[in-house]
Amino acid sequence: MSVKLFVPCDTTALSLGADRIAAALQREADSRGATVEIVRNGSRGLFWLEPLVEVETAAGRLAYGPVELEDVAALADSGLFEGAQSHPLALGLTEEIPYLSRQQRLTFSRIGITDPLSLADYRAHSGFAGLEKALKLSPQAIVDEVKASGLRGRGGAAFPTGIKWQTVLAEPEGRKYIVCNADEGDSGTFADRLVMECDPYMLIEGMTIAGLAVGASQGYVYLRSEYPVAHRMFKEALKRAYEAGYLGADVAGSGRRFDLEVRLAAGAYICGEETSLLDSLEGKRGMVRPKPPLPAIEGLFGRPTVVNNVLSLAAVPFILDQGGAAYADYGMGRSRGTLALQMAGNIKRGGLIELAFGITLRELMEDFGGGTFTGRPLRAVQVGGPLGAYLPESQWDSPMDYEAFAAFGGVVGHGGVVMFDDTVDMGEQARFAMEFCAVESCGKCTPCRIGSVRGVEVIDRIRAGDNREANLELLTELCETMVDGSLCAMGGMAPFPVQSVMKHFPEDLQA
Amino acid sequence: MGVPMSVPKTSAQNITSISPAIRAGFEDWTPALVKQEIDALKDKPGAMLPILHAIQDRFGYIPEATVPIIAEAMRQTRAEVHGIISFYHHFRTHPVGAHVIHICRAEACQSMGSRQLESHIKSRLGADYHQTSRDNEFTVEPVYCLGNCACAPSIRIGDDIHGRMSPDKFDRLADRLTTSTLELK
């Protein structure tokens, strides 16, 4: 009888040798006369356990990890192919690993379970159920369902998705576009990548539903070039979705058209800003456009356009399938549904944690994260990417919620949480925030383009002890100018990490 | 400018004198080949980035001399095309070594020692960012996040991401890459 083994194929598992592990497992099975079928599933998002090998048994899937090449023979000797649990890397039933069982996975309910490219797997796990419902609804009824869910843009700006869709729907009929922002540039984030590598049909389904809702027949996914695995997987998923009739002139036999194409970005952080992204898609330099006009009214090629983050669109199939109210049941205050938190950096147990809004940072870092990787004391946490503030311990008890974070100057952003131990030099981190802005600024507005360069210089002088007090005052003013005077969030938020270091870690800005 | 690729002088020298670009799987560019790439894509809406990617993927870089060809086909000025190429970090106008190494410089990797890793790689290869090692094996580029942030620090070589990188692991990887290339040829 054939035994089914699972070896993930996402970027992280591959970056730790998953291909070699899969080949070694096959060799061990062959040499023992065992018949195995090795499925390349997506990752469960429990990255500290990758490569996480699973064996299917009558009791459920059993996990082993993190597996290194040298462990494979011993694992096979210990009876891995029969699901034996004697080896030190044996973790028991995957579903019962607390890190996973304590999550509330709505969007990520399938990742790691299925073969990402298998349409049969996708359908067997409620795939396309949302699309089927949407095909029976009027555009307005679809938009109403999304409004009822309370879903807000997961890219960082947290604008209500239903209202954005309503604006595009209200525009006169004609050419309209759905654009998916997959330019996931924030350090510490990988949730968009996981969607595209581990459950690509969910994004295809979400975008198709968006097209039906607003009357758009063309979609583009703008994917960063730093994600070669996601690009490969998603292109293949698109091909298969076309072949199976889920995309094209006759979506799922409905007579409605929806075409979808993935476009590769070219390594510019600013293109994650929606107007700059649109310029880039049009084939230009990715310069920020002033708003208004809103992209919902004059977007791609001057036409009404929905620009949504991967996670916003990926939440849509669940909302249509289970109803907006089911999604809104999760969360707190005005932050409804679940948030994909990504635990990264100097952390023992990094990975993806999908939970309703409201958990505190401390619970995340201690209960899930297990402290720092190095075992040293935790000193600072950066939430929300390179434009997010560094948070000192006094702020770790705030609940993860857009409004609660905004109240103290924090940023939830795209949900990335990067931990630093006590060896971090916060002065260096403040300098990097300005340096990064100087490298990545599109150059359209002066506060961002020039301010970031001057910011690096002033911080260098402060750290060198050159006229420290006067330069600190200058840096304070420079940060305020950038925050108030920049055209978009890049220049407007780049000072946040700097200001947080000045306020909470001033001892690191000494000579 | 189209830099001519080095041509093997004698068969005995074959192993080391084969152009790194060829070993990396890139072709020598010609105006006809460039036109071929442009023609295949130019009717797409917003075709410029797909065209630039296609040229770089095939020839390893976007030679300066292709700018007028692109400009004419796309009915834009050379300055506009140059402006687009230079805006994006991904596009390069010089040939590269047999392996392009992207070192992640972003915060999650910093928290796990990427600054030390970065200086180790640069000194071992004798190349700073945007430079190629003297033996033409490695080109070093910075990158801001590879999305592998829970297993930092990370580097990318070609299309392969490597997580939990350390100076020692890098040395072994670099040795393997240089030797396996020689064996293959």
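Pro66(A) sits in the loop between strand E4 (60-64) and helix H3 (72-77) of chain A. Helices (H or I, at least four residues) and strands (E, at least two) are DSSP runs, numbered from the N terminus.

This is a predicted model: local features need pLDDT of at least 70, side-chain atom pairs count only at pLDDT 80 or more, and totals for chains, interfaces and linings use all residues. Residues are numbered from 1 along each chain as its sequence is written, chains are lettered from A and ligands numbered from 1 in the order in which they are written, and side-chain values use heavy atoms, with hydrogens and water left out.

- Most residues other than glycine have a negative phi, and most peptide bonds are trans.
- A cis peptide bond also joins Lys291(A) to Pro292(A), with omega near -5 degrees. Pro292(A) is in the loop between H12 and E9 of chain A.
- Phe301(A) lies in the loop between H12 and E9 of chain A. Phe301(A) is not a glycine, yet its phi is positive, at about 50 degrees. Its relative accessible area is 30%, so Phe301(A) is partly exposed. Here buried means under 20% relative accessible area, exposed over 50%, and partly exposed in between (1.4 Å probe, protein chains only).
- Arg75(B) is in the loop between helix H5 (67-74) and H6 of chain B. Arg75(B) has a positive phi of about 55 degrees and is not a glycine. With 79% relative accessibility, Arg75(B) is exposed.

**A buried helix in chain A**

- Helix H12 (residues 274-281) of chain A has eight of its eight residues buried, so it is largely enclosed by the rest of the structure.
- Among the buried residues of H12(A) are Glu274(A), Leu277(A), Asp279(A) and Leu281(A).
- The cover over these buried residues includes helix H8 (161-170), strand E6 (177-182) and strand E9 (305-309) of chain A, together with H4 of chain B.
- Just after H12(A), Gly283(A) takes a positive phi of about 95 degrees.

**Chain B and its domains**

- Chain B is assigned domain 1 (24-87) and domain 2 (99-174). These bounds come from an automatic or database domain assignment. The C-alpha centres of the two domains lie 28 Å apart.
- Val81(B) belongs to helix H6 of chain B. Val81(B) counts as buried because its relative accessibility is 0%.
- Beyond its neighbours within four places in sequence, Val81(B) is in contact (heavy atoms within 4.5 Å) with Met48(B), Val67(B), Ile70(B), Ala71(B) and Gln76(B).
- Gly113(B) is 32 residues from Val81(B) along the chain, and their C-alpha atoms are separated by 38 Å.

**Where the chains meet**

- In this interface, 39 residues of chain B are in contact with 61 residues of chain A.
- About 3,800 Å² is buried between the two chains, and carbon and sulfur atoms give 56% of that area. Buried area is the accessible area (1.4 Å probe) that two parts lose on being put together, summed over both.
- Phe87(B), Glu107(B) and Tyr144(B) supply 18% of the area that chain B buries against chain A, more than any other three residues.
- The rule finds three salt bridges across this interface. A salt bridge is a side-chain nitrogen of Lys or Arg within 4 Å of a carboxyl oxygen of Asp or Glu.
- Glu428(A) forms a salt bridge with Arg115(B), with the closest N and O atoms 3.8 Å apart.

**Salt bridges elsewhere**

- Over all chains, the structure holds 47 salt bridges.
- Arg40(A) and Asp19(A) meet in a salt bridge (3.0 Å, N to O). Arg40(A) is in the loop between strand E2 (36-39) and strand E3 (53-57), and Asp19(A) is in helix H2 (residues 18-31), so the pair ties together parts of chain A 21 residues apart in sequence.
- Glu28(A) and Arg32(A) form a salt bridge (2.3 Å, N to O). Glu28(A) is buried, at 19% relative accessibility, whereas Arg32(A) is partly exposed, at 36%.
- Glu37(B) pairs with Arg58(B) in a salt bridge, the closest N and O atoms being 2.7 Å apart. Glu37(B) is in helix H3 (residues 31-41) and Arg58(B) in helix H4 of chain B, 21 residues apart. Both residues are buried.
- Salt bridges that share partners join Arg431(A), Glu435(A), Asp460(A), Arg105(B) and Glu118(B) into one network.
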